[in-house]
Amino acid sequence: MKVLFVVPYPEGQAASQRFRVEQWLPELEKQGITYKLAPFWSQRAWAILYQRGHTWQKAAGLAVGFLKRLGLLYQLPFYDFVFLHREATPLGPPWFEWFAIHIFRKRIIFDFDDAIWLPNTTDDNKAVAKYKLPQKTAAICSWSYKVSCGNHFLQDFASKYNTAAVYLPTCLNTQALSLKPKQRTARLTIGWTGSHSTLPYLKLIEPVLQQLEQHYDFDFLVIADKEPALQLRSLEFISWRKQTELEDLQRINIGVMPLPDTEWAKGKCAFKALQYMALGIPAVVSAVGANLAAVPDGKAGYTCTTSEEWYARLEQLLQQPALRQQFGRQGQLQVEKHYSVQAQLHSFLQLFT
């Protein structure tokens with residue numbers, strides 16, 4: 001069997017692609033399945049895509065991406081399956097998907113982990129947002145052989161258009177992770193990791209952290225691709241790097257994942273919380289969407305609705321190292337049982353049957 005992975009990003013650069021596509025590739029090799037990874041963006045274009053300026057270089061990167069997709073059409077006859085992560089092209093209609101399915105008669109496995117059928121305009125994409133055509137998601141769902149959905153909210157949407165929509169959570173290879181050392185550390189760290197697109201959510205708990213700063217001594221560590229604009233004296237920022245990702249995360253004693261209660265946020269797959277829990281770090285999260293299923297409240301962490309709850313739960317964990325240790329162990333077991341590569345391997349391989 002041969003599989004063509006049509007993906008947006010250069011290899012190793014984006015969390016959704018790393019954990020929903022790239023980490024499964026060694027498992028395919030073990031099954032004797034060969035594959036090709038075909039990114040839209042080049043490494044050079046990706047490096048400047050979210051920086052200010054570089055308009056002509058970005059336009060050139062976009063044009064090259066479209067040309068690569070055009071050339072890829074001629075390679076389709078050599079593959080048994082096409083695994084499409086999110087979309088074939090970032091702008092415009094789903095022409096590549098249409099040709100792959102209706103002209104080349106390929107079986108497409110469509111995979112997504114956000115509510116990408118909803119408009120999602122940010123400062124970074126507002127110039128091109130009207131060309132993204134999120135409504136194409138429904139069409140791609142209806143054309144696809146199977147649809148792989150990162151949470152049940154996404155599956156409910158896809159099921160309206162395709163009866164072969166399945167739930168496959170974003171997983172971690174727990175056998176490859178080093179657990180956080182014991183929770184009795186000289187200095188405590190509350191932490192968050194993510195990308196520029198979710199950085200604004202930290203504003204939801206900024207007043208809570210400011211209040212905690214008045215009574216407790218801790219660091220608030222942000223690991224991201226862009227520095228946050230937060231008024232916190234405890235703030236420490238580290239640029240995300242793949243090479244030091246696990247080492248940086250292990251500095252955290254308590255991991256947080258605030259989300260607004262919106263339709264877009266319900267499409268999130270609780271991945272930050274899963275990263276914390278897999279490393280034995282208790283997670284304090286907003287009671288929104290997939291967070292409710294991923295984080296057993298009062299066992300592996302806390303799900304919070306109000307600012308008062310956020311304050312009380314963070315304070316409790318700051319004060320009790322034994323509770324942090326207990327929650328961390330329960331979180332690790334939760335991930336191993338439900339969200340690990342080992343637990344979901346059969347479900348992933350079933351996509352290709």
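Contact here means heavy atoms within 4.5 Å. Helices (H or I, at least four residues) and strands (E, at least two) are DSSP runs, numbered from the N terminus. The model is a predicted one, where local features need pLDDT of at least 70, side-chain atom pairs count only at pLDDT 80 or more, and totals for chains, interfaces and linings use all residues. Residues are numbered from 1 along each chain as its sequence is written, and side-chain values use heavy atoms, with hydrogens and water left out.

Leu274, Met277 and Ala278 of helix 11 meet Gly328, Gly331, Gln332, Gln334 and Val335 of helix 14. That contact splits into four nonpolar residues, four polar and no charged, with Gly counted as polar and Ala, Val, Leu and Met among the nonpolar ones.

Next, helix 8 (residues 206–213): its Glu206, Val208, Leu209, Leu212 and Glu213 are buried, meaning under 20% relative accessible area with a 1.4 Å probe, protein chains only. They sit on the same side of helix 8 because they cover an arc of only 160° around the axis, taken from the directions from the helix axis to the C-beta atoms. Their cover includes strand 7 (188–193), strand 8 (218–224) and helix 13 (307–319).

Now for strand 10 (residues 254–257). Ile254 and Val256 point one way, Gly255 and Met257 the other, and all are buried. Its pairings (at least two DSSP bridges between two strands) look like this:

| Strand pair | Sense | Bridges |
|---|---|---|
| Strand 7 and strand 10 | parallel | two bridges |
| Strand 10 and strand 11 | parallel | three bridges |

Ile190 stands opposite Ile254 of strand 10, while Val256 has Val284 in strand 11 as its bridge partner.

Methods
Buried means under 20% relative accessible area, exposed over 50%, partly exposed in between (1.4 Å probe, protein chains only).
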